[in-house]
Amino acid sequence: MTEDAEAEIVSTPQADTPDVDTSSQQRPHVPLLTAATVPLVLAVDQLTKRWALSELSGSPPHHVIWTLQWNLTRNSGMAFSQAQGIGPLIGIAALLVIVWLAWTSRMLTSRITGVAAGLITGGALGNLADRVFRGDKSLHGAVIDFIDFQWFPIFNVADMAIDIGGAIFVLWTIFGRRRTHSA
């Protein structure tokens with residue numbers, strides 16, 4: 001092997017070296033990960049709400065374990081059953097959040113933030129579907145809640161997805177970016 005060929009091999013960056021930018025290789029997969037998370041969250045949310053409506057309607061709360069019980073309620077307000085009756089405004093706000101997340105998820109480069117965006121979008125769609133389809137007029141429906149710890153407001157799977165997705169975004173903003181910038 002000649003010295004010129006040997007120098008060319010040595011100077012060629014390897015994929016496992018830290019100098020190579022792999023974000024362009026990972027980026028196309030992030031929107032797909034987000035898009036895959038959304039229908040999964042939406043399906044689990046709607047199936048559990050269907051179960052709650054069929055099994056818990058007209059019955060007292062069902063004790064599960066410790067303080068957890070299944071307790072069917074309908075929430076026409078916002079989080080923690082506040083502001084009852086402003087469902088249409090909340091529905092419009094949820095729709096704006098969904099559109100914004102769909103638009104910005106195209107630019108996400110981290111898989112974890114892609115999952116977070118999918119969790120929030122799927123949860124928002126789940127609760128928006130309740131407001132659209134579980135009422136007498138569009139956006140006047142009530143969100144189905146049934147998970148009750150008795151010491152915390154009653155919630156559902158969509159609410160859990162939104163909270164977990166939001167927490168992931170906050171933690172990634174605090175810790176993930178710091179690690180990326182120090183590398």
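In this predicted model, the side chains of Asp45 and Lys49 come together in a salt bridge, with 2.9 Å from N to O. The two residues sit four apart in helix α3, so about one helical turn separates them. Both Asp45 and Lys49 are buried.

Lys49 has a further partner: a salt bridge links Lys49 to Asp130, and here the closest N and O atoms are 2.6 Å apart. Because Asp130 belongs to helix α5 (residues 111–133) and Lys49 to helix α3, this pair ties together parts that lie 81 residues apart in sequence. Asp130 in turn forms a salt bridge with Arg134, at 2.8 Å between the closest N and O atoms. Through shared partners, the salt bridges join Asp45, Lys49, Asp130 and Arg134 into one network. The count of salt bridges in the model comes to three.

Attention can now turn to the nonpolar side chains. The largest nonpolar core holds eight residues, namely Ala52, Leu56, Leu68, Leu72, Ile144, Phe146, Ile147 and Phe155. Two or more of these residues come from each of α3 (29–56), β2 (68–75) and β3 (143–148), and β3 gives the largest share, with three residues.

Conventions: Residues numbered from 1 in each chain as written. Predicted model: local features only at pLDDT ≥ 70, side-chain atom pairs only at ≥ 80, totals over all residues. Heavy atoms only, no water. Core = buried A, V, L, I, M, F, W, Y, C linked by side-chain atoms within 4.5 Å. Buried < 20%, exposed > 50% of the residue type's maximum accessible area, 1.4 Å probe, protein only. Salt bridge = Lys/Arg side-chain N within 4 Å of Asp/Glu carboxyl O.
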